Amino acid sequence: MYCTHLSPTHTHTLYVKRKPPIDKTEWDGFFDENGHLAKSRDFICVNILERGLHPTVRTEAWKFLTGYYSWQSSQDERLTVDSTRRKNYEALCQMYQKIQPLLENLHRNFTETRNNITYDIKKLYDKDPLGNVLIDKKRLEKILLLSYVCNTQAEYQQGFHEMVMIFQLMVEHDHETFWLFQFFLQKTEHSCVINIGVGKNLDMLNTLINFLDPVFAEHLKGKGAGAVPSLFPWFCLCFQRAFKTFDDVWRLWEVLLTGKPCRNFQVLVAYSMLQMVRQQALQESMTGDDILLACNHLIDLDADELISAACVVYAELIQKDVPQSLKDFFL
């Protein structure tokens, strides 16, 4: 993997073999006897970027990364936070039960959204390769409805059911699933929300291509026009359909949560994926529809390889005289 804790004054790219992910023993060693973190947030985030998290520590680490827990909290404070989050979730559930008849009668959008959620969940494949059921669809539906009612910024959109499933697979309790999803949306600056972040991501992806790859940019403006705006599902689903396993999805998402090596890393990830079809697109003079088809065939990717490729793009970017719009977005 690439060593990527770079700054404009430290821009060489160092090739290093990826160390094993942070395991339970190492994670526990990050805390003092009172459960306060003895390592800095920056140290932990750089290590997560470069190495990833072992499944045994992922749930707890994500609570820090999302803001569910404060980085300054003690063990006792975290127990209190867990209790408070559970009680708050239960209170929201009770409130929802009370206002549900009102929502059904007065808000046409509510009934329509509930039907969309039900339809999306019905289609969701919920079994592993051996046929074992992975998730409880009823619980998933309840969390999505509650999220829709409570989150005024991020209305329900197709794909949220798949994202929340990823959280449900990671944690044990519904209140953890609910809050981690809310915090994830906030922490990633709502970059996967259609009416907030997705359009901005696509605009900046275009700007990045124009800046780093003018030859491909020219093709995408001409015969390949329409390809980039059609890549919005990458951002809406946070790339989850591009990977081999849930572990790969979690691996990329936890990097996005670290804010390393820069803000809005998801656009560098999208740029790196687009580069995978670049040569074919130019050689075959592909249309926008054909480029999109080729992009849709980017599946079973390895998260570590993709993160490495995106980090190389970042290292290249910070060595250049970057336009102000890209500086404001990434740096």
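How many of the 14 residues of helix α8 are buried? Twelve of them are, so α8 is mostly covered; buried means under 20% relative accessible area with a 1.4 Å probe, protein chains only. Helices here are DSSP runs (H or I, at least four residues), numbered from the N terminus. Keep in mind that this is a predicted model, where local features need pLDDT of at least 70, side-chain atom pairs count only at pLDDT 80 or more, and totals for chains, interfaces and linings use all residues. Residues are numbered from 1 along each chain as its sequence is written, and side-chain values use heavy atoms, with hydrogens and water left out.

Let's stay with α8, which covers residues 174-187. After α8 comes Glu189, with a positive phi near 55 degrees.

Next, step to α7 (residues 160-170), where you will find Gln168. Gln168 counts as buried because its relative accessibility is 8%. Its contacts (heavy atoms within 4.5 Å), not counting residues up to four places away in sequence, include Asp174 and Thr177.

Finally, look at two cysteines. Cys262 is buried at 5% relative accessibility, and Cys311 at 2%. The sulfur of Cys262 is 8.1 Å from the closest cysteine sulfur, in Cys311, which is too far for a bond. With a disulfide taken as a pair of cysteine sulfur atoms within 2.5 Å, the count comes to zero.

Definitions and conventions. Helices (H or I, at least four residues) and strands (E, at least two) are DSSP runs, numbered from the N terminus. Buried means under 20% relative accessible area, exposed over 50%, partly exposed in between (1.4 Å probe, protein chains only). The expected span of a helix is 1.5 Å times one less than its number of residues.
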